[in-house]
Each structure stands twice: as structure tokens, then as C-alpha cells.
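I opened this model to look up its charged side chains. My notes follow.

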Amino acid sequence: MTVRLLSIETAVPDTVIRQEDVSRLFAEQPGMTRLGTRVVRSAFAGAGVSTRHTVLPELGVVASGTVDGGDAAASPFVDPTARHLRSPGTHARNQLYTEHAKRMFVTAARAALDAAAPGIELADVTHVITVSCTGFFAPGPDVRVTKDLGLPADVKRMHLGFMGCNAAFPALQAAYTACRADPDAVVLVVCVELCTLHLHVRNDPDTVMGNALFADGAAAAVVTGRDAAAPGATLELVDFETTLAPVGEEELAWSVGDEGFEMILGTYVPRIIDDHVTDALAPLLDRAGLSADRIPLWAVHPGGRSILDKVQGRLALTDEQMAPSRGVLADAGNMSSATILFVLERLVRAGDPGTVAALAFGPGLSIESALLRVRPASETT
């Protein structure tokens, strides 16, 4: 039985922020030391990010230097006159998450289902799996998607919360398992992350690196084993693997603080990934009888430029193979769990057939991987 992603659709907020503007804004904040300012400029310049998207239009207004008193004036995040960033409490941040995430979950889900039509209709959906680590509300995103799209009331629902940047992989694996168990299953997977709600002005390098990388975005996919027509190329799910690196648990972590969520992105994370990525991939590749040099297509979670550099060097990947990951990082930043679906979307839209190895990294330090196969449009009916 072949289980495929019939569609992948992505969505981002309207507000675009340029890396050089945000770097200047953070470097100029009161309380930043000379060393902190140098760290900001270095981290932002070396992050591999050009633009990002945010649900905070006031951040775009202040970062660009355009103070018009509109959205920025009433914002808990910025003082538009002084161009100072404020630090609202977790409650205020989570209220904004609830407001914006509800809409983005539904927007991305609807787009994925529209893209899977006419082979898949709303009434065909049997499972909804939602993913997020940047906020909470209940009834949760799974309920919101089900009700707002008018899906069957008996649809099976699951929410994966607070798992971090690699959470799309267990979501896709759960979808794969459901489809293998029920040939008629149609699973809607939706990831939404609003990372910019947890920006902080601090001098420590971990916080600065998070400010330089993280962004907001949503992605959704329709997964099924049905022999349904698709409008273009699709992704076949082949196999999954997960492992925990023996070191680094304290280097990549995510916790709830009084002023938003606290990200620890240690400077040793790229080195740990470099040391352990080959061993993490070995079981997956061995089962398929493949080696890294025989896999033409790669989707590596762009957790940062240094992580991509280490993976590329360790696995001897070409610049062309890394282009989808580096392109997403440059254009949209790190959107946590949604990001790997942005990379896979680029591979599907390119339409080049072949095996895909996908990788993502999360708290723990956990390494998730998968083998997929791009199937051209001529094979999707």
C-alpha cells in the first residue's frame, strides 16, 4: 500500500520584516551591552535569513523606522515613539497566539484540502492532526479546524504540543500509521507556529540567536493511501526513524517563563548534530539499502545556517541539494515545526522525481528522519 501526501500548502502572516532592520532594532535597545550589541550584529548577519514574517505588524512598523501611531501605538510589544521593545507577560502573548493561530490553522488546512480536490472532499477526512509548540488554547486547534471547515463530527483528532522543531515528523508518521491501518483514511496534518510572539531583548547569545532565526508560519498536508487523483507531483511516505543523541539535552530546550516561552539554542547544537547525524540516519538508510550519496533530494530543517553547514559537510551534500532548505531559511526563517513542510513543498513544486531524505532536530536533542519519494504527475492517478 502506498501512502502519499496529495498536497502541501503553506501560509505566512502579511507582515514581512527584513533581517537588517530587525538587527538594528535589537542592537539599539536599552540594556544592551557593547558585547551584546556585537553579538546581535554578528548573529543576525550570520543567520542565513533575509526576510521573515510575523503576526505583529507593529514589529514591522518599528523595525522599518516607520512610526505612524497605528498598530504600534496600542501594542504590548513596542513603544513606537522611543522604538523600544517591551516584554509582555506570557498571558498577553498567549492571547495573541490564540487569536492568530486559530485563523492560520484553518487557513492552511483549507488550502491543503482545496489543493487535494477533486480527489478528496471534506466529507472524506477521517483524521485531523494539529501541531504547535508556541502557544496553547482549549478546545484546541484540532477542534477549531474540524468545526470551521465543517468536517465530520466523528473525525479522529490529535494535537501534538510543545515538541519543537521536528514535530511534523511524528505527525506525518501518525498519519502514515492511520492510513496503513485503514485504506480509506484521509488525514489532515496542520502545523502552525508563531515564534515571534516569544522574542526577548537580552544580551545572552542563546536569546539573541533565537531572535535572529525564528519566524511565524503555517503548513498543512493531506495524507492518504487512497488511489485519488492529484493535480501535480505528490510525495510518497516510505519510512521513518527517530533517535536521541547521547548528549545535548540541555543545549536545545523550550520552557514556559513569566514573559513568554524561553528558548535555549546552545552554540554546541551544530557540533552535536555534526557528530551524530550519520549514526541517526544509519538505521533508516540500512533498511532501504541506500547510502547518503545515492539519495538525490534532501530536505533538512533549517534550524540555522550553521546547522545546515554541518549537515552538508558531514553528508557531503551539494549546494543544489541544500538549496530548498537554504532558500526557506533565507525567505522565511525558522518556523519551528512548520518549516520542514515548507522545504518539502519546494521539492514537490520542483517536480523532480526521486528519493528524498528529510531531517529535523528538536529538544532532547532528538533527531527525526524520513524517507520519501517524489512521484511525478504522470504517476499520481
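**Entry 1: a buried arginine.** I started with Arg93, which is buried but has no salt bridge. Glu259 is the nearest side chain of opposite charge, 5.4 Å away. Terms, for the record: buried means under 20% relative accessible area, exposed over 50%, and partly exposed in between, with a 1.4 Å probe and protein chains only. A salt bridge is a side-chain nitrogen of Lys or Arg within 4 Å of a carboxyl oxygen of Asp or Glu. Lys and Arg count as positive, Asp and Glu as negative; His and the chain ends are not counted.

The model is predicted, so local features need pLDDT of at least 70 and side-chain atom pairs count only at pLDDT 80 or more, while totals for chains, interfaces and linings use all residues. Residues are numbered from 1 along each chain as its sequence is written, and side-chain values use heavy atoms, with hydrogens and water left out.

**Entry 2: surroundings of Arg93.** I placed Arg93 in helix H4, residues 90–116. Helices (H or I, at least four residues) and strands (E, at least two) are DSSP runs, numbered from the N terminus. What does the side chain of Arg93 reach at 2.9 Å? I found the backbone oxygen of Pro88 there. I then listed contacts (heavy atoms within 4.5 Å). Leaving out residues up to four places away in sequence, Arg93 touches Phe77, Ser87, Pro88, Leu197, His198, Leu199, His200, Glu259 and Gly260.

**Entry 3: salt bridges.** I noted a count of 16 salt bridges. I looked up some of the pairs.

Asp21 and Arg18 meet at 3.0 Å, N to O. Asp21 is buried, at 7% relative accessible area. Arg18 is partly exposed, at 41%.

Arg226 and Asp124 meet at 3.3 Å, N to O. Arg226 sits in the loop between strand S9 (216–224) and strand S10 (234–244), and Asp124 in the loop between H4 and strand S6 (127–132), so this pair ties together parts 102 residues apart in sequence. Arg226 is partly exposed at 23% relative accessibility. Asp124 is buried at 19%.

Asp239 and Arg287 form a salt bridge at 2.8 Å, N to O. Asp239 lies in strand S10 and Arg287 in helix H8 (residues 269–288), so the pair ties together parts 48 residues apart in sequence. Both are partly exposed: Asp239 at 22%, Arg287 at 48%.

**Entry 4: a network.** Salt bridges with shared partners join Arg18, Glu20, Asp21 and Arg24 into one network.

Terms used:
A polar contact is a pair of N or O atoms within 3.5 Å; within protein, one must be able to donate a hydrogen and the other to accept it, and residues adjacent in sequence count only if both atoms are side-chain atoms.
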